[in-house]
Structures are given as structure tokens and as C-alpha cells.
Amino acid sequence: MKRFLSRIYYSFPVQLLLLHFKKFQVLLVFWYFLFSAVNGSLLKGFGVDSLYLAPEYQGSVSWLSVSFMGVATGIFIMSWNITTFILFSRHFKFLATTTNPFLKYCINNALLPLIFLTFYFIKATRYDINKELLLWDEILVLAAGFLVGLASLLAVSFYYFFRADKTIASRIVPVLSDPALFQEEFTEDAVPMQNNSRLIKVRSYINAVFSVKAVRDVSHYSDTFIDKVFSRHHFAAVIAIFIALLFLFVIGFFLDNSIFQLPAAASVTVFFAILVAVAGAFSYFLQSWSVPFFLMLIVLFNLLYKYEVIDPTNKAYGLNYNKNIKRPEYNRQSLLQLCTPEKIETDKKQMIEVLENWKRKQLSERPLLYLISTSGGGTRSATFTLNVLQQLDSISGGTIMHKTFLITGASGGMLGAAYFRELALSRMSDSTLHLQDRKYVDNISKDLLNPMLSSFVARDLASPAQKFKVGDYTYIKDRGYAFEQKLSENTGGLLNKQLKNMAADERNAKVPLMLFNSVVISDGRKMILSTLPVSFLMRPIYDTANAPYIDPDAIDFAAMFANQDPMNLRMLTALRMNATFPYILPNVWLPSTPVIDVMDAGLRDNFGQESALRFLFVFKDWIRENTSGVVLIQVRDRKNGGWEQPYESKKVTDVFTKPLLLLQNNWHKMQEYNQNDLLSLSMHAFEGKLLKLAFEYVPKQQEVPAALNFHLTRREKQDIFESLGTPGNKKMFEQFRATLEPQHSTYKPEKLVVKGR
């Protein structure tokens, strides 16, 4: 038994696996990411596992989409094999004397890939049954697709290396004085080689026909021969990686075509494959100089960025970035100039004119003023928001947008609200448009992640810059552009307009006014994008005689960038600035002095309530005189109260990490606590004439809510729809019905009994 275990321990596959843990452990980090992603433990709650276990292509999970995942996995495995072969070849010189040494290396290096593939298939099968609701025959088709993709990539790769082996042999043999150096004499009695490496001792290996062979002694071979064989294989391996990068260049040029938009997980896996190759190249060529060289490279890139030789920044599409145009100063004094008392009064008068326009369109002399605030939460919030607005529109007899004056919010919720508003606008000219049609929910819930990550890998990292124009201004295509184009495609082009195209309809109160928010990263101020001047929202309303001076905590985007053609900004870009999910989407930098960049509105006001309440305070006198009260409709992608998913300590390491992650895990909850204070003060100020209706997405299984990203599974879409029928939401729909004039209500309780789609 001891001898048997010894043979296993000193076999090439086991020794190789141990070698990976002994040397260049950084390469194992990528395997860790893959295992964690498939297991669902990487960024838990953001749905990373769905990208791997149910990859989408052309809008659906299919045999083809999974085959792309198989190809990407094959690329990663080959990159892993190539890189480690180059790094470790000096530890197993006996391979140089065999035929097809790289193939034999891959066979013996297959333990880790086989473990991963087994793990992947188990997880994918469970996921497809429980989340994608697939039948066994459908699952088998998907599994076959993955295997075909993987096998095809491996077949092409090994064909390339087989040809390389023949070329290497034909070039080396004539050069060496002793042709017998290529003769293989494997016998059971072969003398185990005396390996000169301290890290690996091999007595047997698996050959190409999967039989165990003893390792022969290669001490009688010259170092010249061994080095020449390996160097030729190293060169062939580098060429293979170069071909893969060239392929990405080509993909990047044609990425606007959806055919070239790979599944998100496939893009990420290919990106990992490139990183493995880059990390291996650093280690191989620079050895102990790898870290110093990497630090020097960072310094070099910082200098190039500082002197504007390279420009990785993302811009607001439609805005004028010409350096010859005077840029606004971003400092305290300039912000104060944007919200002087005179400026605020002028802007308030303009907004009151819009309020008067809205009032004239209402049937009542003192109508209720409806405001909608919607929370961030990626595609799940966009989908839930559209579901809720469809129900409200049905209950109100198609008048919810007619009754609503203002819509504000964050991230995904604004995507759904903006789409619904444009649909309502289209219905005014097309009476056949059925606003409650489920296809619109399907549209907003379509995948947005695949084109972004495909762009990040194939365009942002690999391909040379490509440009496009908005009006007279030129911009570089990147993953921000890919996001906007896909959102436009999913919504039938309704959101592909500029702020100036919305201005007249909002000013005439034909549609609700929308406030698109984002947050300035340098100081946390809110950037408010609107077609109307909103200097009155730049700081809280306060008594100047009895309170210290309050600096602006928000910025009127159009006023600040008046010289940069702000109304030329694309609505798609305004939505993206409102929904800049960290790292997934690039931060947008703005042409100020100094330059500022902005990100997701949820960083400051994830529920949209802060902006809505400030608006109400500014115009409370007009509201008291002209309306019978205010109805604040809030659409939330999570339960009220902050009880869901508490941050609990489950590992001893949490003792150290919990204080650091406290803010991250409780960010939304702390916002809610503060906004509840604001709400209570507002209700007191409006003397009971402010009603809040909160619609909440409540998952059927509390521990597995829909993921917080730009991709939803079939089960998650169904779960979001069914959430409309929870007791809490039914009660809110009843209360909404009670606020309506009787002649406009078509609400029937049975409409909310959800039995699936």
C-alpha cells in the first residue's frame, strides 16, 4: 500500500499540481475566481453565478451560447497550460525527449481543469433545473453544446501544436550530432531520472494513450538539446497567445454587431486567460524583477495619463469637450454663483409655470400631485418598476403619467421609469399601443451585461480606439457606449434621444419631468440633470436668519456646463450616469476645472426620495394653494426596515473585516434611516396631506432574491412579476385606487392575483 501511494505521489500529475501551489501561486488566483463565480460565492447577491451557469447569447440561453462558454473555458485551460509549461519546463527535462511533449504535459496537467469541469457541470445542472426551469432534454442539449465548444477549441489548439512539434523536430534533428537523441526507449525497468529540481520529483507520467510510463534518465542528453527543444515550444506557445489576442482585435472592430457580443462569462473567462498569459510572461522574462518592473510600469502609465498621452476616461455623449471652450470652475465660489437668491427665484418661477401647465391638464380644480421615486437595483429594479407602473396605469385607466408631475430615482429603477414614460408618450400618438403588454417588461428585463463585458475585453483592452459622433462631437467607443446601444436596442430606440428633444414635452407638462441624478466622486455632491433649471434644488431650504450658512450639496448640470451644449446630451447617457454600477460601467468625467467624474446616483440617494422631498419643500406654498395634497409613490427593489440580509459573522476572519465592511453592507439601510427622518418632517410640514405608497419587491425565497446586476434569469423574472401579488403590494394598489377620482378607476382586485406568466 505504501509503495502504491508513493507511486501516486511521485506521478507527474500529482507533482505538477503540487508545483502549482509551490511556485507562481498568483496564477491559481484565476482558478479561485472561476470556482468562486460558479459556486456563487464571488460577489454573492450580484448574480455572477448566473453568467456562468446560464450564459446568454442573442438574448437567450441556447446550445450556441453555452458552446461559446465551452470555447472560452478551453481558451483559459490552454492559456493555463501554455503559461505553466513555459514557466515549469526546466523542472521536467525528461519531456524534451518524448514525442509531442506539450500534449503529454497537458494530459498530466489536467487534474485541476477536470476538477473544475466536474464542479461546473454539477452546478450548471442544478442551476438550470432550479433557476432556468429547464427540462432534462434541454439540459442535455446545453451540456452537449459546452462539450462541443470545449472539444473544438482543444482540437484546434492541439492540431497547431502537433504541427509545431513536427517543425521543431525537423529543425533540431539535423543540427544535433547524434540523431539517437530522439530515440525513446521506455521500459518497465527504466532507471528513474535523478531530477535536479528541488521542487519536483517525478517517477512516472501518463503518455498520449493514457498508459503509465516510467520516467527515463536524461542525464546523458546535452543541455543544448533540452534547451533548444523547450525554447522552440515556448516560441510556438507565444505565437498561439498572440493569435488569440489578434482574434480579440478583430472582434473589437465588429462589436457593434450583436453577433460578436459574446456571453458575459465567456468574455470574462477570456480576459482571465489573457491575464494568466501576461502574469506568466512577467514571471518568465523578468524573474525576480517582476514586481519592480510592474511598479515602474504603473508610474509610467500615470505619467502618460497626467500629460494626456493616453486617455482611458469615459465622456458624457453629446457634451462638448473642446478645450477651446471655457470650462467651468469646480469650486465653492462657482457653485454659489449658480444658486444665488436671484437665480433661485427666477428658476422657481419657471418651474411654477410648468406646475400650472400640469394643473390645467387635470380634471379637478385642486388635484392630487403625484410624484414617483424609484430605487436603484440594476435590471431587477428596472423590471419591477415597469411592472408596478403598468399596474398603476391599468388601475388609473391609463392616466398615471398624466397625473404624475415628477419622476426621480437611481440606477435601474430610472431605466424602467424612463422606458415607461416614453411608451406613454408614444401612446398619445398611437392609440393601438397597449401599455400593459408583457412584451415591454420582457424588453426592459433583457440582458445588458453581455455587450458591456464583451466590449471591455475585446474593445477596451484589445482593439484600437474606434470613434462615433453625437451631433458635431466625437467620442471613443467603450463599454459605456456598448451599454447605451444595447439599452436602446432592447427598448426599440425609444430612449435614443437627446435632452433637447424632451424639453418641450416636459415644459408643457405633456409628460412628467424627470430628474437624472449622479454623484460627484470627489466630494459626494449630487449632479442633477434636467431640461429645466433647478438651482432651487442645489441646497436645502433653510431660514437664513436663524441658521448657519449651508453650502450647496447638489449641482444644476445644465447651468454649470452652459458653455458645453448640455441639452445635446443623450438621454441614454443621462440614464447611464444615473446607473453607473461600480467597475461594470466606467465613471463619466466632465469638462470642468479641475476635472470631476460622476457615478451611480445610489451612492447618495438610492431611493430617489431625497430629491422628491426637497422639491416638495421648495414648492410647498404653491402645492398648498393649488392641490389637495401629494401622493409620493415609491418603487423599491428591497423591503423597508433594513431587516433583510443582515451582516452576520460566520468566520473568525469577520472579526477583522466586519468593521471595514460595515459601511458597504449597511449603506442603503443608513440612507433609509436618514430619509425616514426627512419623510416624517415632510408629513408634519404638509399637515397630513402627504401620502406615501411604497411598492416593494419581496422575493418568494428571502435568501435568494433576484441578483443585483444587469442580467436576470427566467426564474428571477418570474419572481419579480409574482412579487406584485404580495399582501403589502396589494394593499398599496388598493390605497392608490382610493386616491383616484371614481370616473378614472378601472381597478379590479383580481388583476393582482398572480399565477405566473
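Student: Which residue in β13 stands opposite L369?

Tutor: This is a predicted model, and the pairing is read from it. Strand β4 covers residues 368–374, and 7 bridges join β4 to strand β13 (residues 629–636), the two running parallel. In β13, the residue opposite L369 is V630.

Student: How many bridges join β4 to strand β5?

Tutor: Strand β5 spans residues 404–409 and runs parallel to β4. The number of bridges joining β4 to β5 is 5.

Student: What share of the chain's residues count as buried?

Tutor: The chain has 757 residues, and its secondary structure comes to 28 helices and 14 strands. Its accessible surface comes to about 34500 Å², of which 60% belongs to carbon and sulfur atoms. The share of residues that count as buried is 53%.

Student: What share of the contacts with a separation of 6 or more comes from residues 24 or more positions apart?

Tutor: A contact here means heavy atoms within 4.5 Å. Among contacts in the chain with a separation of 6 or more, the share from residues 24 or more positions apart is 79%.

Student: With which side chain does the side chain of N387 make a polar contact?

Tutor: N387 lies in helix α14 (residues 378–395) and is buried, with a relative accessible area of 1%. Leaving aside residues up to four places away in sequence, N387 touches R438, V441, I720, F721 and L724. The polar contact, at 2.9 Å, is with the side chain of R438.

Student: Which backbone oxygen does the side chain of N490 reach?

Tutor: N490 is found in helix α19 (residues 479–490) and is buried at 5% relative accessible area. Not counting residues up to four places away in sequence, N490 touches N443, K446, D447 and L448. At 3.4 Å, the side chain of N490 reaches the backbone oxygen of D447.

Student: Does N331 count as buried, partly exposed or exposed, and why?

Tutor: N331 lies in the loop between β3 (314–315) and α12 (332–338). A polar atom of the N331 side chain lies 3.3 Å from the backbone nitrogen of Q333. The relative accessibility of N331 is 35%, between the 20% and 50% cut-offs, so N331 counts as partly exposed.

Student: How far apart in space are N331 and T593?

Tutor: In sequence, N331 and T593 are 262 residues apart. From C-alpha to C-alpha, the distance in space is 8.6 Å.

Student: How many disulfides does the count come to?

Tutor: C106 is buried, with a relative accessible area of 6%, and C339 counts as buried at 0%. A disulfide requires a pair of cysteine sulfur atoms within 2.5 Å. By this rule the number of disulfides is 0.

Terms used: Residues are numbered from 1 along each chain as its sequence is written. This is a predicted model: local features need pLDDT of at least 70, side-chain atom pairs count only at pLDDT 80 or more; totals for chains, interfaces and linings use all residues. Side-chain values use heavy atoms; hydrogens and water are left out. Helices (H or I, at least four residues) and strands (E, at least two) are DSSP runs, numbered from the N terminus. Buried means under 20% relative accessible area, exposed over 50%, partly exposed in between (1.4 Å probe, protein chains only). A polar contact is a pair of N or O atoms within 3.5 Å; within protein, one must be able to donate a hydrogen and the other to accept it, and residues adjacent in sequence count only if both atoms are side-chain atoms. Accessible areas come from the Shrake-Rupley method with a 1.4 Å probe; for residues, only the protein chains shown count as cover. Two strands pair if DSSP finds at least two bridges between them.
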